[in-house]
Amino acid sequence: MSNQVKLDSSEMVDFLEHIISNNRHIQGQGKKVVATEVIGDSGLGKTSVVLQIAEKHELDVVKLNLAQIEELGDLVGFPVRQFELCKEGEVELPVQAPKFEMKKVTLPNGKTLMKRVEVKPEIVDAKTSGCIWIDENAVDQYTKQGFVFTGKKRMSYCPPEWIADKKGGGVLMLDDWNRADTRFIQAVMELVDRQEYISWKLPKDWHIILTANPDDGNYMVNSIDSAQKTRFVSVVMKWNHERWAEWAETEGIDGRCINFVLMHPEIVDADKGVNPRSITTFFNCISSIKSFEDTLPLIQMVGEGSVGNEVATLFTTFINNRLDKLITPKEMLFAKDHATAIQKVQEASGIVSGNEYRADIASILTTRFINYTLNYASKNSITPDIIDRVIAFVKDADTFTDDLKYHIVKKILNGNKQKFQKLIFDKDVQAYATK
């Protein structure tokens, strides 16, 4: 895995969007589309990225967790015997060819079983088709119309329930596919290679995305051989604390906790069982607590049960150092006047208190300010006061270093140039924007 491309969540979105666009291009040329495997540690957000892309492009989504499916037929459909029947001459009336598929039904006792059910029939015109293949259950209907057996028979497969009613435009996400039984892995290869399975195929503009855990000894996965690996393009998803902070701001994760992750990005460590999902669980469990310092034993207890003793202790140290009391990005943007906002930022970073300058805190506040401002702009109009507040932080000589000011201007303009275009009317801001 060390030689594979490693992408954070934002880069992964761009990559998968390219694959989908390119698949549409080559499919238009009559070529097979390319499947993609996304490898990453548990809890990194692989599934969320795929769902985000599907929603953005209005693609239908079928998500199958192969490690949880017991019947192979739930993936590839169930076998059915078919016979070839022919009719000489013309048939005055079209013949209705019943179509069947296997669906799960629940019995009164709570048990489930697979039942063969009829779906909307197609109209088959014997004048043009001559010989047709039909399911054995429909043989009687055709023989009554004068069709006769040719002696040929075959085993076919009904389309599985998850694809039977789907049309063009979708993503088939096979989640945790390398944790599945080898039977499923072999069946997946058939789908990946040809976009079809024996007697049925995926509709046009469907894209297969596999998600997998690394085969590094930390997960119970099946190794994939070279013959299988050459059938798809594979990329690795990596942890990026800044991308997580952007996501956390939009999801309303407690800002005190976002500050903690930005200060200690190293806490995410697969070898220690700490991933973005577990830290998000920890933060959600304590988000209702207004005063962290008054409930340290409880926070330590919750932390040990979700992210382990080491991270929990690091978090309580963060609280003891009053780093959960930093000015919020909302205050930075909406404090009653520029001077108040600037002073609070300077106090937090040690500029006016006489303490050592905390570049790490200044960096955290910069990131939070950018993310909060862009998230606010995505849902609200931007007033002249907000534009002036951003300009005030950029023009102040002491609050932020030049590289942080450059970061503020570039990120905000790139994030929503339409709503923040008036920023570049200021010559000082323009100087950073054109660097």
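The model is predicted. The chain has 435 residues, and 47% of them count as buried. Its secondary structure comes to 20 helices and 13 strands.

**The chain as a whole**
- Take the contacts between residues at least 6 apart in sequence: 74% of them join residues at least 24 apart.
- The chain exposes about 22800 Å². Carbon and sulfur atoms supply 48% of that area.

**Aromatic pairs**
- The chain holds 18 aromatic pairs.
- One of them joins Phe 282 and Phe 315, with ring centres 5.3 Å apart. The planes meet at 75°, and edge-to-face means over 60 degrees, so this pair is edge-to-face.
- Phe 282 belongs to helix H11 (residues 276-286) and Phe 315 to helix H13 (residues 309-320), so the pair ties together parts 33 residues apart in sequence.
- Phe 282 and Phe 315 are both buried.
- Phe 369 and Phe 393 also form an edge-to-face pair, at 5.2 Å centre to centre and 65° between the planes.
- This pair links distant parts of the chain: Phe 369 is in helix H16 (residues 359-377) and Phe 393 in helix H17 (residues 384-395), 24 residues apart.
- Phe 369 has a relative accessible area of 0%, so it is buried. Phe 393 is buried too, with a relative accessible area of 0%.

**A ring cluster and a charge**
- Ring pairs link a cluster whose members include Trp 239, Trp 244, Trp 247, Phe 260, Phe 282 and Phe 315.
- Phe 292 is also in this cluster. The charged end of Arg 256 sits over the Phe 292 ring, 3.6 Å from its centre.

Conventions: Residues are numbered from 1 along each chain as its sequence is written. This is a predicted model: local features need pLDDT of at least 70, side-chain atom pairs count only at pLDDT 80 or more; totals for chains, interfaces and linings use all residues. Side-chain values use heavy atoms; hydrogens and water are left out. Helices (H or I, at least four residues) and strands (E, at least two) are DSSP runs, numbered from the N terminus. Buried means under 20% relative accessible area, exposed over 50%, partly exposed in between (1.4 Å probe, protein chains only). Contact means heavy atoms within 4.5 Å. Accessible areas come from the Shrake-Rupley method with a 1.4 Å probe; for residues, only the protein chains shown count as cover. Rings of Phe, Tyr and Trp (its six-membered ring) pair if their centres lie within 6.5 Å; planes under 30 degrees apart count as stacked, over 60 as edge-to-face and the rest as tilted. A charge sits over a ring if NZ of Lys or CZ of Arg is within 6 Å of the ring centre and within 35 degrees of the ring normal.
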